[in-house]
Amino acid sequence: MPSVPRWSLSTLPRYIPSDDVERAIACCGDHPAGVRDRAILLLLARLALRAGDIVALRLGDIDWDRAWIRVSGKSRREAVLPLPQDAGDALHAYIATVRPRVDEEKVFLCALPPWRAFAGPGTVSALAKHALDRAGVKTSAGRGAHVFRHSQATSLLRSGATLEVIQALLRHTSPNTTMIYAKTDTAMLQEVAQPWIGGIGS
């Protein structure tokens, strides 16, 4: 049996509208877990971080004076990213007011004792899913942490950002990986698409 071909860049990134992203962030609440979750969602949404970036983030990776954070990513290549005001404020609020005072370098900890760092990226994706559920966001775009990453990249592209800017934000080592976002503006693609010369019935 011949194998089914899998073409590179053949699918569209899964994303949700900006309004849905903001609604999920707004629904976190003011209780300790909500303060933590809001900081996480803002980092996912504003900096397009991966779930693994959130899990690995350490207190020493934050430079409050320069307003940036350091992340390593998949390839362990360090990158310094600017910390937007709302994400920085939310991160500071979590660390300063509700984060347990324990001997742990990882920034984000479980909401219930024993206080420990997240077990893995799956914890962040589950947290993101719960936030979307609370906000009543109904989508087939996926409900984990990655949908916030894809949504930010798609929103930036539609706002006029270049693929080079998006590549830098997503920390893609190859521009080919970022090229998939060039297909997310389907309205624009329909304008430039040429009719199929074979006709509908061919």
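The structure is a predicted model, in which local features require a pLDDT of at least 70 and side-chain atom pairs count only at pLDDT 80 or more, while totals for chains, interfaces and linings use all residues. Residues are numbered from 1 along each chain as its sequence is written, and side-chain values use heavy atoms, with hydrogens and water left out.

The chain contains nine helices and three strands, where helices (H or I, at least four residues) and strands (E, at least two) are DSSP runs numbered from the N terminus. Along the sequence these elements follow the pattern α-α-α-β-β-β-α-α-α-α-α-α. Of the 202 residues in the chain, 39% are buried; buried means under 20% relative accessible area, exposed means over 50%, and partly exposed lies in between (1.4 Å probe, protein chains only). Among contacts (heavy atoms within 4.5 Å) with a separation of 6 or more, 58% join residues 24 or more positions apart.

The three strands form an open sheet in the order β1-β2-β3, with antiparallel pairing. Two strands are taken to pair if DSSP finds at least two bridges between them. Strands β1 and β3 are the edge strands, each pairing on one side only. Strand β1 (residues 62–63) pairs with strand β2 (residues 68–71) over two bridges, and Ile62 stands opposite Ile69 in β2. Strand β2 pairs in turn with strand β3 (residues 79–82) over four bridges, again in the antiparallel sense. In this second pairing, Ile69 stands opposite Leu81, Arg70 stands opposite Val80, and Val71 has Ala79 as its bridge partner. The covered face of β3 holds Ala79 and Leu81, whereas Val80 and Pro82 are on the uncovered face.

The hairpin of β1 and β2 has four residues between the strands. Ala67 is partly exposed, with a relative accessible area of 34%.

Two packed helices are described by the angle between their axes and the distance between the axes. Helix α2 (residues 32–47) and helix α5 (residues 121–134) pack at an angle of about 100°, and their axes are 11 Å apart. The axes are lines fitted to C-alpha atoms, for helices over the stretch in contact, and angles run from 0 to 180 degrees between N-to-C directions. Helix α2 is therefore roughly perpendicular to α5, a term for angles of 65 to 115 degrees; those under 35 count as roughly parallel, those over 145 as roughly antiparallel and the rest as oblique. In this contact, Arg36, Asp37, Ile40, Leu41 and Leu44 of α2 meet Val124, Leu127, Ala128, Ala131 and Arg134 of α5. By class, the contact has seven nonpolar, no polar and three charged residues. Here Ala, Val, Leu, Ile, Met, Phe, Trp, Tyr, Cys and Pro count as nonpolar, Asp, Glu, Lys and Arg as charged, and the others, Gly among them, as polar.

In soluble globular proteins, nonpolar side chains tend to be buried together. A nonpolar core is defined as a set of buried Ala, Val, Leu, Ile, Met, Phe, Trp, Tyr and Cys residues joined through side-chain atoms within 4.5 Å. The largest such core has 45 residues, of which Leu41, Leu43, Leu44, Leu49, Phe108, Val124 and Phe148 touch the most other members. At least two residues of this core come from each of α1 (18–26), α2, α3 (51–56), β2, β3, α4 (85–98), α5 and α6 (146–158). Helix α2 supplies the largest share, nine residues. With residues up to four places away in sequence not counted, Val124 touches Ile40, Leu44, Ala51, Ile54, Val55, Phe118 and Ala145. A second, separate core of six residues includes Ala48, Leu157, Ile166 and Leu169.

Ala48 lies in the loop between α2 and α3. The phi of Ala48 is near 55°, a positive value in a residue other than glycine. Ala48 counts as buried because its relative accessibility is 0%. In the loop between α4 and α5, which holds Pro114, the peptide bond from Pro113 to Pro114 is cis, with omega near 0°.
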